[in-house]
Amino acid sequence: MTETFAYLDEDSKRAVRRTILKALAVPGYQVPFIAPEMPIAYGWGVGGMVVTASLLGADDRLKVTDHGSDETVNAVNIRAFFTRTAGIGTTTRTREATIVQVRQRVPEAELVERQVVVYQVPRPDPLRAFVDSAVEAARMHAHADYGRVYTRLFEEKTGSHGAVQPGYDYPVLVQGRYLMSPSPVPKRDNVRLNDCPAIQIFGAARERRLYALPPYTRVESIAFEDVPFDPGLPEDGRRCVVCGCGESHLDHLLLRDDGMSEWVCSDTECCAERADA
Amino acid sequence: MYVPVKGGEAAIAESRKALARARRGDPAVPELTVAQIREQMRGAVDRVMTEGALYDRDLAALALKQAQGDVAEATFLLRAHRAMLRRMGHSEPLDLSAIRPDRHISATAKELPGGQILGATCDYTHRLLDFSLMGKAAPFPEAASGLDDMPPDFPRAKGEEGEDEPVDITRVPLRPPYGPSETLGHLVRGEEGFLTGLAYTRLRTAGAAHPYVEDLVAGEVEVSVALEDIGLTVSIGDIELTACRMVAPVLDGPRSHLSPGFGVAFGCNERKAVAMAAVDQALKSGLDSELVLAHADGVEAGGYVSHLKLPHYSDFQADLETIRRLAADD
Amino acid sequence: MLELPPPLLTLDGVSHGPRTLHDASLSLYPGEVLCLVGKSGAGKSTLLRIAAGLLPPGKGRALLPGGVSLYELPEQVLVSLRRRRFGFVAQDAGDTLDMAASAAANIAQPLFDNGERHFGRALAAARRWFAALDLDAARLGDRPGVFSGGMRQRLQIARALVHGPEILFLDEPTNGLDTAAQARLLTLLSDLQRCTGVAMLLVTHDLRIARLIAHRVLVLEAGGVVEEAPPDRLIADPRHPAARDLVAAMI
């Protein structure tokens, strides 16, 4: 059995590309799609890989990160898969990449118009936090019936039980129309989705859904008119132990014997650039 | 200076080598052949073919060897392989009344046409370890004569009707409402343990109807394909399968009736066929289709559960900070 | 002669099920409190649910002003119409309240369902309705489960009125409450009705409740409307045997 370029057969790729076009035409709408089975487990980025496989051409340069890092085992594994099956060039520099596949972070580096960012998505429908039925969720999306989402937000601010939206995968409203999961990126990354020059595509293989943001799409984190969105920036003065940056998203590294925490930049590319400068 | 989780490539390469070593085990013990697995690990092979949705004993055996006997992993391997195969079309509906049975029983009828055939079942073995199998050459028991002469005259065990073309669930996204062939497809590929557990919870649920095995048959059946270009239907060979028809009483005044359920699996796999039939019946009696069909797939479920091993720094950190903030508010 | 305004809602010969309800009709006028009274199984709750846009009738129509037929509207139009113009109070608070959400969120939800996106306004409305229903503002953040039965019913009423509906539907709202709590709830309902002018369609098996609050009473028996009268006239002079039974049950 010979594998085709980027593993997927051309028919499957074409079907995925058609889905992508539809998704770009209706920003934020979850288009049902067939995710061909990949030799990587569901939950490990298959949705992103299917999108990447269907977009890759021989001239593309691919960057893959997991939690902002090019070097985590998962990122390395996905990159190696495409190097093996498509023989394409890879890079760790965002500005050199034509396709950037990411998990759980929006790239911190500047994105430009010719680029595509591919997100791996575990739970594509933010409404599933409110309703168990896919039929009901689809009805709510169809009619932009999002009152319950704002009720939850209201509850967060008024309830004595402190029901809260998590600090990641915080729902956004696309072009004022569709409620969308930004994938489990930290809340603060939501602002980077807005008005982005690159195409952004979100693939959820296990859930068979794909959605997209064309360049310069308006993306707002859900919030009340009179209470602005809180990106949840830390206020403890934490800084990266490598580059000293206090503004980028920092991962907890370790707890020292003296009880103090050490933090490190999640985006390794930007961290290294700052450290070298 | 600390460099977070570098050197992934080398680590992965080493991990693969370690896996190969673990697979081989003690090199002093002869390596398993795929033929041995195919012939002597039939239960596992049949299960991998069923959930892997590919009828190929050799490839299923190879997958099992590669997966060190891990059925879920082997199923995954077979599925990934299957995804690369070209789809040629679909067969005609199997005529289960023409099955050549190795086994045929009913829990509702004492007299079955052709008689009840126990065949190769563990049901009546005493589950004691058979230490004679520790030795090398277990004796090969001869079959009683006459079994081959049984008339293949069985009541027609049909699946669902009413669809001209079956839905290929690998090509159509799961979306309610779910048609009969879609339901069947998801259940056949469904993980055996999940379906068994579901059937079991259903049996223990107050108010749920108790289903009966009306017809359980295992044997060979012919697969035919219609060649539309030349207007012929030709046989492309025989496959072994297990099929179960189930009925459950639905008591509802003048509308009382028996509600059917159907289960099927490649090869000899009764637990799957019976569990699937029970779940199919339950679905017809109001069990939530979405709950079952969206969660039955072992490859999807296994993948998503195993993804919990992946780094979750950002979301975990966010949760931690939320907890700290809420706890501090108190 | 005084000309009546057109009814807010008309049920025209509605039936449901083989026996539950047959050929029942009613009209509800602006600002009116109409009680559906009958013994259990008479079809009151079914009629109420049909009127409230929650249960399509087998036969007959539910009409709004202008001849709009409720159940011939597209599903989503019906949903949004129900949300804007109706409020519903169930016998069991668990049927309308989200027990996992705070009292404030429960009251504010109809506003958000109707497109409110302003936190301050929603909170002010929740506070206002809390006060209007004699609830303790310190408990806005509590979940319904920790409130008493009477307070839970008041939460339901606040939630059903917060968005300023034209019609409030109530299904045995005082069931399970002790006499004092019943009286208190009915007084509150009467006051609110006078302040807001909302029309009410209220189901009860107890004529004493109808006497306290209704402008007009319909008596239901075995799925049909058998008598219609103002409460005082009905109690003084019940004509149908079912009405006589209800009057007898008052003592």
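1. Domain bounds here come from an automatic or database domain assignment. The model itself is predicted. Chain A is divided into domain 1 (10–127 + 168–221), domain 2 (128–158) and domain 3 (234–277). Note that domain 1 is written as two stretches, 10–127 and 168–221.

2. How far apart are the centres of domain 1 and domain 3 of chain A? Taken over C-alpha atoms, they are separated by 26 Å. These domains of chain A do touch: domain 1 gives 13 residues to the contact, and domain 3 gives eight residues.

3. Next, the contact between chains A and C. Chain A supplies 15 residues and chain C supplies 19 residues. Look at the side of chain A that touches chain C: seven residues are polar, four are charged and four are nonpolar.

4. Now chain B. Helix α3 of chain B covers residues 42–52, and helix α5 of chain B covers residues 71–83. Their axes come within 8 Å and cross at roughly 45 degrees. The crossing of α3(B) past α5(B) is right-handed.

5. Which residues make this helix contact? From α3(B) come B:Ala44, B:Arg47, B:Val48, B:Glu51 and B:Gly52. From α5(B) come B:Val71, B:Ala74, B:Thr75, B:Leu78, B:Arg79 and B:Arg82. In this contact of α3(B) with α5(B), five residues are nonpolar, four are charged and two are polar.

How values were computed:
Residues are numbered from 1 along each chain as its sequence is written. Chains are lettered from A and ligands numbered from 1 in the order in which they are written. This is a predicted model: local features need pLDDT of at least 70, side-chain atom pairs count only at pLDDT 80 or more; totals for chains, interfaces and linings use all residues. Axes are lines fitted to C-alpha atoms, for helices over the stretch in contact, and angles run from 0 to 180 degrees between N-to-C directions. Helices (H or I, at least four residues) and strands (E, at least two) are DSSP runs, numbered from the N terminus. A crossing is left-handed if the near helix is turned anticlockwise from the far one by less than a right angle, and right-handed if clockwise. Two residues are in contact if their C-beta atoms, placed from the backbone, lie within 7 Å. Ala, Val, Leu, Ile, Met, Phe, Trp, Tyr, Cys and Pro count as nonpolar, Asp, Glu, Lys and Arg as charged, and the others, Gly among them, as polar.
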